[in-house]
Amino acid sequence: MGSGSVPPGGWQLIRHWYPSPNCGPRRDGLTPRFVVLHYTAMETAEAAIERLCDPEAEVSAHYVVCKSGRVTQLVPEGLRAWHAGAGEWRGLSDINSRSIGIELDNDGASPFAEPLMESLEVLLGTILRAWDIPCTNVIGHSDMAPGRKFDPGPRFDWRRLASQGLAAATVESAAPNHVSMDRFRAAARGAGYTAEASDNDLLAAIRLRHRPYASGPLDEADFTVLPGAASFA
Ligand SMILES: [Zn+2]
């Protein structure tokens with residue numbers, strides 16, 4: 001989606017259907033409230049799709065967006081795909097039952113291809129509208145599983161999504177007078193990071209999302225990028 005005008009209802013996206021057996025009903029009547037973004041960390045999108053359809057792999061996602069921008073749907077949005085695994089966000093577990101999973105064709109080290117980003121933007125906009133999901137509920141796999149998962153990784157352009165209302169913006173707020181890990185953990189919890197994680201894993205996960213390539217011990221800037229709990233819908 002460039003800077004041009006978007007037609008009413010948004011762009012139509014062609015979704016190629018390639019059903020995966022790796023899915024089931026959402027538990028407890030849950031419906032999608034979140035979108036979780038991943039990278040495939042595989043050589044090709046085709047290899048990733050094969051794996052996401054392999055019953056023995058026991059993994060899947062609703063969508064795979066490949067470098068060319070082609071969108072393949074593996075699981076109907078109403079069903080529970082197996083992409084999130086163990087973890088938690090805002091005190092909620094079983095993220096698979098609460099989310100739609102999108103795999104991005106990327107090895108974790110290379111830039112995300114422009115056609116991929118354009119298709120992702122259209123797809124995300126469509127999903128958020130269809131399920132009335134607020135943009136603050138678009139998260140990375142690393143957000144809900146700090147220390148265990150690192151995707152979509154430091155190369156992913158969250159600011160670009162945020163600028164289009166497709167993800168929470170990184171807002172710079174005032175830093176506290178005293179920087180401590182206890183305070184940081186409390187602020188992180190308020191921002192949604194409730195999954196169990198060591199201090200280092202938690203800090204790394206938040207930097208992945210909001211301060212890619214920051215390093216060193218906890219500092220004031222780590223606080224300033226954490227969105228307040230009050231801003232969540
Ligand atoms: Zn993932």
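Here is a quick tour of this structure, from its zinc site and sheet to its salt bridges and ring pairs.

The model is predicted, so local features need pLDDT of at least 70 and side-chain atom pairs count only at pLDDT 80 or more, while totals for chains, interfaces and linings use all residues. Residues are numbered from 1 along each chain as its sequence is written, and side-chain values use heavy atoms, with hydrogens and water left out. A zinc ion is held by two histidines and an aspartate, H38, H141 and D151. Helices (H or I, at least four residues) and strands (E, at least two) are DSSP runs, numbered from the N terminus.

**Zinc site**

- The zinc ion is coordinated by ND1 of H38, ND1 of H141 and OD of D151, at 2.0 to 2.1 Å. Donors here are N, O and S atoms within 2.8 Å of the metal (3.2 Å for Na, K and Ca), and water is not among the atoms, so sites may look incomplete.
- Along the chain, the zinc donors follow the spacing H-x102-H-x9-D.
- H38 sits in strand 3 and H141 in helix 4 (residues 141–144), so this pair links distant parts of the chain, 103 residues apart.
- Both H38 and H141 are buried, where buried means under 20% relative accessible area, exposed over 50%, and partly exposed in between (1.4 Å probe, protein chains only).

- Strand 4 (residues 63–65) and strand 5 (residues 71–73) run antiparallel and are joined by three bridges, with V64 standing opposite T72.

**Salt bridges**

- A salt bridge here is a side-chain nitrogen of Lys or Arg within 4 Å of a carboxyl oxygen of Asp or Glu.
- E114 and R160 meet in one of them, at 2.8 Å from N to O. E114 is in helix 3 (residues 114–131) and R160 in helix 5 (residues 158–163), 46 residues apart. E114 is partly exposed, at 38% relative accessibility.
- R185 and D199 form another, at 2.5 Å from N to O. R185 lies in helix 6 (residues 181–190) and D199 in helix 7 (residues 199–210), so the pair ties together parts that are 14 residues apart in sequence. R185 is partly exposed at 26%, and D199 is partly exposed at 35%.
- D222 bridges to R211, with the closest N and O atoms 2.7 Å apart. D222 is in helix 8 (residues 220–224), while R211 is in the loop between helix 7 and helix 8. D222 is buried, at 0% relative accessibility.
- R207, R211, D219 and D222 are linked in a salt-bridge network.

**Aromatic pairs**

- The structure holds four aromatic pairs. Rings of Phe, Tyr and Trp (its six-membered ring) pair if their centres lie within 6.5 Å; planes under 30 degrees apart count as stacked, over 60 as edge-to-face and the rest as tilted.
- W89 and Y193 are edge-to-face, because their ring centres are 4.8 Å apart and their planes are at 80 degrees. The two are 104 residues apart in sequence, and both are buried.
- F184 and F223 also pair edge-to-face, at 5.4 Å centre to centre and 70 degrees between the planes. F184 lies in helix 6 and F223 in helix 8, and both are buried.
- Ring pairs link F112, F156 and W158 into a cluster.

**H210**

- H210 lies in helix 7 and is buried, with a relative accessible area of 4%.
- Leaving out residues up to four places away in sequence, H210 touches R159, T170, Y193, V225 and P227; contact means heavy atoms within 4.5 Å.

Definitions and conventions: Two strands pair if DSSP finds at least two bridges between them.
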